[in-house]
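Let us walk through this chain from its overall fold to its core and then to its surface. Keep the sequence and the model side by side.

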Amino acid sequence: MAGWMYKRRMLVPGTRKRWFEVRKHMLLYYLEPHNESARGVFDLRGCFVAVRDRGQGSRMERLLGLYLIVLHVGASHWPITLGLASRRAALHWAQVFVDASQRRSQVTPAPDTPGAFIQTVVIGASPLAAPFS
């Protein structure tokens with residue numbers, strides 16, 4: 001699966017539009033769809049996936065009206081925050097990430113309630129699954 005998403009920058013505040021691809025259990029992102037070298041690669045195996053409703057992100061993410069997908073990847077569970085304008089697209093991508101994580105779970109949408117989590121995918125107890133700001 002591939003497509004455009006907004007990615008929250010990790011070190012400097014801001015949100016950038018990037019091209020993402022999922023290949024097996026890897027998430028790759030590029031500046032443009034036809035670039036040959038990826039700007040970043042994340043191993044999705046074992047990651048935690050959370051989908052958040054509009055209005056829960058940064059100022060720019062709220063202005064853009066983005067639904068957020070937060071991935072906790074790697075041994076340190078560093079958060080990667082991605083944004084999409086459509087709730088349906090956010091849920092679809094979240095399910096792709098869950099499938100790639102090789103966890104036995106699924107994403108189920110909750111009612112459209114402003115400020116509410118749509119779904120947090122958790123296997124076992126983890127403090128990382130709690131809501132974060």
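A residue is called buried when its relative accessible area is under 20%, and exposed when that area is over 50%. By this cut-off, 43% of the 133 residues of the chain are buried. Bear in mind that the model is predicted.

Start with the fold. The chain has eight strands and two helices. Along the sequence they run β-β-β-β-β-α-β-β-α-β. Take the contacts between residues at least 6 apart in sequence: 43% of them join residues at least 24 apart.

Now go inside. The largest nonpolar core holds 25 residues. Leu-27, Leu-44, Ile-69, Leu-71 and Phe-97 have the most contacts within this core. Several elements each give at least two residues to it: strand 2 (15-23), strand 3 (26-30), strand 5 (48-52), strand 6 (67-73), strand 7 (78-84) and helix 2 (87-101). Helix 2 provides the largest share, eight residues.

Which residues does Leu-44 contact, leaving aside its neighbours within four places in sequence? The list includes Val-22, His-25, Met-26 and Leu-27. It also includes Leu-71, Val-73, Phe-97, Ala-100 and Ser-101.

Met-10, Leu-11, Val-12 and Trp-78 make a nonpolar surface patch of about 440 Å². Trp-78 lies in strand 7. Is Trp-78 buried or partly exposed? Its relative accessible area is 43%, so Trp-78 counts as partly exposed.

Notes. Residues numbered from 1 in each chain as written. Predicted model: local features only at pLDDT ≥ 70, side-chain atom pairs only at ≥ 80, totals over all residues. Heavy atoms only, no water. Helix = DSSP H or I, 4+ residues; strand = E, 2+ residues; numbered from the N terminus. Buried < 20%, exposed > 50% of the residue type's maximum accessible area, 1.4 Å probe, protein only. Contact = heavy atoms within 4.5 Å. Core = buried A, V, L, I, M, F, W, Y, C linked by side-chain atoms within 4.5 Å. Patch = residues over 30% accessible without salt bridge, like charges linked within 9 Å, V, L, I, M, F, W, Y side chains within 5 Å. Areas by Shrake-Rupley, 256 points an atom, 1.4 Å probe, with all protein chains shown as cover. Salt bridge = Lys/Arg side-chain N within 4 Å of Asp/Glu carboxyl O.
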